[in-house]
Amino acid sequence: MSTASPALARLRAGTQASHAALEAALPFAQAGFSAPHYLRHVARVHCWLRPLEAVLWQADWPATLMLAPRRDKVRWIEADLMAGGWTAADLATLKAVDWLPGSPGPAARFGLAYVAEGATLGARHLYRRHAAALTPLPLRWWQAYGEATAPLWKNFLTVLEDALPTEADRAEATRWAAAAFDAFRLHVAAPAEGP
């Protein structure tokens, strides 16, 4: 079995507590998780993801990163909400959460992308687990990249290692990744209020 690259190992170790707290707060293991639960969940994801995408994929990225399919995951969520009966007016009521801790530089953007792209792996697992019970919702958010999910994750990890060559770069990426996990837990998994 191969070991994780230094950048990936640093991100995993540095975000372990934040990731574990998030996993413990997610509602998917609860009995009776249903289509209305899913729609409320993805509405909150939308509010967390919108500001992230506004700073993430518009920046310059290495040419080796397969960027085109990674953009605009907010539209996946909007497709799910519309399939669940939401209207354009309903979507307009969703307020983006102001959670980003500043303006991210290149290393920070890789930390944010680590969370956004890593979420696609978990989403594919949830899609396989819940798709039958949540029919007829398309679960576009959980479908992620479909069969391309694993190859796109591997591509991201390859680019990640070259992009974070120093410990300072890795520390900055880790700080921002932990902030993304914490914001997801606070505003999506266990919100004080919201949709």
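View 1. Helices here are DSSP runs of H or I with at least four residues, numbered from the N terminus. This is a predicted model, where local features need pLDDT of at least 70, side-chain atom pairs count only at pLDDT 80 or more, and totals for chains, interfaces and linings use all residues. Residues are numbered from 1 along each chain as its sequence is written, and side-chain values use heavy atoms, with hydrogens and water left out.

**View 2. A look at R170.** R170 sits in helix α8 and counts as buried because its relative accessibility is 14%. Beyond its neighbours within four places in sequence, R170 makes contact (heavy atoms within 4.5 Å) with P6, A7, R10, E161, L164 and P165.

**View 3. The lining of the largest pocket.** A pocket is an open set of points on a 1 Å grid over the protein atoms alone, where a 1.4 Å probe fits, with protein on both sides within 12 Å along at least five of seven lines; lining residues have an atom within 4 Å of a point. Lining the largest pocket are 27 residues, with H19, E23, G118, A119 and G122 nearest its centre. Helix α5 gives the largest share of this lining, 10 residues.

Technical notes. Helices (H or I, at least four residues) and strands (E, at least two) are DSSP runs, numbered from the N terminus. Buried means under 20% relative accessible area, exposed over 50%, partly exposed in between (1.4 Å probe, protein chains only).
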